[in-house]
Amino acid sequence: MISLEHLNWPFFDSSHAEFAESLSSWAQNTFKDEPHHEGNVDEICRERVRQLGENGWLSSCVADASGGFDARHICLLREVLAYHDGLADFALAMQGLGSGAISLFGSAEQRQGYLNDVAAGKKIAGFALSEPDAGSDVAAMNTQATDDGDHYVINGTKTWISNGGIADFYCLFARTTPGEKRNDGTTKSSGISAFIIDSDTPGFDQSERINVIAPHPLATLKLDNCRVPKAHLIGEVGAGFKIAMSTLDVFRTSVAAAALGFAKRALDEALGQAKGRQMFGQTLADFQMAQATLADMATKVDAAALLVYRAAWQRDTGGAVTKQAAMAKMTATESAQWVIDQAVQMFGGRGVVSGAMVERLYREIRSLRIYEGATEVQKLIISKQLLG
């Protein structure tokens, strides 16, 4: 079972401790370390959404009536779920990220029409921001939304969309005015708007799937004259970039928390291997090189946890969080990659057998260093904050 020693840190109160302990017990009893097979990933994700919804865990990923989130609850959820089951973490994260724009900026009608079903696990959400030529550079997006009476007509392509192919609806971003150019030739972020688009909208195609090293529902979305009611515009026209960045700000720290959960599981697997593996008349743990590696792994895990929960605490208490969230995301994901790599090394040949726990962790962690802002982007954010 995952260690929850950090609940004694001053970042938490008794409600967080009770929440985490209940979650940990539930996850331990629910997930049995069964390997995920590519053929049934969609089915597993739907089942994970249903389980998380029926047991009340998804409610933390939907803002309360005042539009607020408890970032520490979200991070604890992702840390514990990632430790036990990568697809459970993915399912929870995408319910939050996919509906986050509605939570933060949606009208009362939009919130009522979507968020209750998201929290109950009855509707699967998606977040459609990236495009073939607009990943980290969101302002370069080309998807167009044209005003047409009481509708917008949307044309374009979105790609690398998580929950692509299984989502019931997407919070999708498109240009409502052409992108203005700066003097250096880059595109300004103004003129982007946010929309809710149901997956059964005529002209909407989510059938082009993308296969990656750690199987997840992922797809390219194509929009061909999709008519979206103006009632599905989220917030104000032209506020899409702010809406997208605000949504990512809520959930970026939680990516770090997921990496922390993966790293903790790798450390526990490595400890078990070191204590039990017999070599040259002693255990692997008796070798000083192994001891030094385990010490480095544990230190990186604790350092990441401190940054993760500092950022979550600061967000919950109204403090500045842009730099802190970027530091947490960068440090936790990069550290987790190293920790997991060392765990694979300790297992030797068994560590690279398909389906082994450390092999699964190795594939799971790689994408976290890229999505919701690659490590290089986090460095730019941190340096921009430092330089003013």
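**Entry on conventions**

I note that this is a predicted model, in which local features need pLDDT of at least 70 and side-chain atom pairs count only at pLDDT 80 or more, while totals for chains, interfaces and linings use all residues. Residues are numbered from 1 along each chain as its sequence is written, and side-chain values use heavy atoms, with hydrogens and water left out.

**Entry on His 73**

I then checked the cover of His 73, which counts as buried at 16% relative accessibility; buried means under 20% relative accessible area, exposed over 50%, and partly exposed in between, with a 1.4 Å probe and protein chains only. Setting aside neighbours within four places in sequence, I found His 73 in contact with Ser 15, His 16, Phe 19 and Ser 60, contact being heavy atoms within 4.5 Å. I also looked up the spacing from His 73 to Ser 193, and the two are 120 residues apart in sequence and 29 Å apart in space, C-alpha to C-alpha.

**Entry on the whole chain**

I counted 10 helices and 10 strands in the chain. For 388 residues a compact globule would have a radius of gyration near 21 Å, and the chain, with 21 Å, agrees with that; the radius is taken over C-alpha atoms, and the globule rule is 2.2 Å times the number of residues to the power 0.38. Along the principal axes, the C-alpha atoms fill a box of roughly 80 × 45 × 40 Å. Of the 388 residues, 54% are buried, and among contacts with a separation of 6 or more, 75% come from residues 24 or more positions apart.

For the surface, I noted that the chain exposes about 16,800 Å², of which carbon and sulfur atoms supply 50%; the areas come from the Shrake-Rupley method with a 1.4 Å probe, and for residues only the protein chains shown count as cover. The chain carries 36 positive and 46 negative side chains, and the centres of the two sets lie 4 Å apart. Here Lys and Arg count as positive and Asp and Glu as negative, without His and the chain ends, and each charge is placed at NZ of Lys, CZ of Arg, CG of Asp or CD of Glu.

**Entry on strand E5 and its partners**

How many of the 7 residues of strand E5 are buried? I found that 6 of them are, so strand E5 (residues 192-198) is largely enclosed by the rest of the structure. Strand E4 (residues 169-175) pairs with E5 in the antiparallel sense over 7 bridges, pairing being assigned if DSSP finds at least two bridges between two strands. Within this pairing, Ile 192 in E5 is the bridge partner of Arg 175. E5 also pairs with strand E8 (residues 233-234), again in the antiparallel sense, over 2 bridges, and Phe 195 stands opposite Leu 233 in E8.

Not counting residues up to four places away in sequence, Ala 194 touches Leu 172, Phe 173, His 232, Leu 233, Ile 234, Gly 240 and Ile 243. Trp 26, by contrast, lies 168 residues from Ala 194 in sequence and 36 Å away in space, C-alpha to C-alpha.

**Entry on strand E1**

E4 has a further pairing, as 4 bridges join it to E1, and these two strands run parallel; Gly 126 has Tyr 170 in E4 as its bridge partner. I checked both faces of strand E1 (residues 125-128), and Ala 125 and Phe 127 point one way while Gly 126 and Ala 128 point the other way, all of them buried.

**Entry on positive phi values**

I found phi near 60° at Trp 160, a positive value in a residue other than glycine. Trp 160 is in strand E3 (residues 151-162) and counts as exposed at 54% relative accessibility. Asn 163, also not a glycine, has a positive phi of about 70°; Asn 163 sits in the loop between E3 and E4 and counts as buried at 2% relative accessibility.

**Entry on Met 327**

Last, I looked up Met 327 in helix H8 (residues 322-347), which is partly exposed with a relative accessible area of 23%. Leaving aside neighbours within four places in sequence, Met 327 is in contact with Leu 307, Arg 310 and Ile 382.
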